[in-house]
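Dear colleague,

Please find the structure below, handed over for your files.

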Amino acid sequence: KKSVDDINVKGKRVLVRCDFNVPLIDGKITDENRLVAALPTIKKLIADGGKVILCSHLGKPKGEPKPELSLAPVAVRLSELLGQEVKFAADPEVVGPNAKAAVEAMNDGDVILLENTRYRAEETKNVDEFSEELASLCDVFVNDAFGTAHRAHCSNVGVTKYVDTAVVGYLMQKEIDFLGNAVEHPERPFVAILGGAKVSSKISVIERLLDKVDTLIIGGGMAYTFAKAQGGKIGISLCEDDYMEYALNMLKKAEEKGVKLLLPVDNRIGDKFSNDANIQVVKTGEIPDGWEGMDIGPETEKLFSEAVKGAKTVVWNGPMGCFEMSNFAHGTEAMAKALAETDAVTIIGGGDSAAAVNQLGYGDKMTHISTGGGASLEFLEGKELPGVAAANDK
Ligand code: 3PG
């Protein structure tokens, strides 16, 4: 893919699609990884003398200007991170008179941020008119929004129809390189760890990974569907009854393909879905009525950590338990620690696993933490992402 290294932006207006869809509580950004990850591209374009016009969506305002979903706080924080003013083009029409005037007034090396692209209903419908409006602001388009790459919206896909130059930024490049290489050319042994609540949302990724990995570890909520399918008692744990047969088929497939598939052997269970639940550790398949599996147990932590030890490549998507509750974060933390201690290339994909690793303080110990939730999952499934495809080297 052509990137920001292949173009000359001196004096040009550069529209950069970022993914600044960050969690906000009372106007405060609670996880700024996506902002930090966007800095290299922005700095490069500033250094090259471009007029840098940033844009992004935030949340789901459904085509209506909602003050609590304004990108204004992002402009403030970005200014601090960059050490340079990022002027906020407060314009409820996104590309309205305020935005146009702000772009008009830019000098080389200036940075502005447009308002939430989803204030416009056209954005998520990929309507040409809004794509054209966005394109009219710029000479060059840069897509650095990996987290949004699984969407085909005006600001990441439609806009490329109306610009002469559309390239990817450093973050997009890095995500594609790390996630792509890990799966296509892994150094072996290659271990994948899947967690999260649902088997149904991980089917495609399981199928693909079974053709690639040496070991597949399955933990988190989805493991209870496997446990029940194997005849175990799971109390009131999460379960997708419709996927039990699928789970059994997966086990068979793994065996046929010579993939070692590891499931939890014990679980931390609670008598209510709360951090102050009473807690017991029981063997998998022996959860009493009224109790719920909320984390993998200590034996499983050992088993899974051991499996990661000799790995050369590890891809992890989905937490091992309810890591938001400290009493049920042990399993997820044990895996983060195991990954931190290997020499393997460690790739963390998925919103929750990335959040968990960062929250637990292991962020800087990983080779790569993806900024994509849905996007990284779809990428790992082997799908072509529309946002990536649209930055078509023009
Ligand atoms: C994400 O956080 O996964 C992306 O920013 C995409 O957001 P969306 O799911 O609202 O399209």
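Which residue in E17 is the bridge partner of valine 191? It is valine 314.

This is a predicted model, in which local features need pLDDT of at least 70 and side-chain atom pairs count only at pLDDT 80 or more, while totals for chains, interfaces and linings use all residues. Residues are numbered from 1 along each chain as its sequence is written.

A residue is buried if 20 or more other C-beta atoms, placed from the backbone, lie within 10 Å of its own. Thr313, Val315 and Asn317 lie on one side of E17, with Val314 and Trp316 on the other. In a regular strand the side chains alternate between the two faces of the sheet.

E17 runs parallel to strand E9 (residues 190-194), joined by five bridges, and five bridges also join E17 to the parallel strand E18 (residues 345-349). In E18, threonine 346 stands opposite valine 314.

The unreviewed UniProt entry places a "binding site" at ten positions listed there, including Asp19 and Arg118; such annotations may be inferred rather than shown by experiment. Aspartate 19 lies in the loop between strands E1 (13-17) and E2 (24-25), and counts as buried because 28 C-beta neighbours are inside 10 Å. Arginine 118 is also buried, with 26 other C-beta atoms within 10 Å.

Yours sincerely

Conventions
Helices (H or I, at least four residues) and strands (E, at least two) are DSSP runs, numbered from the N terminus. A residue is buried if 20 or more other C-beta atoms lie within 10 Å of its own, exposed if 12 or fewer, and partly exposed in between; C-beta atoms are placed from the backbone. Two strands pair if DSSP finds at least two bridges between them.
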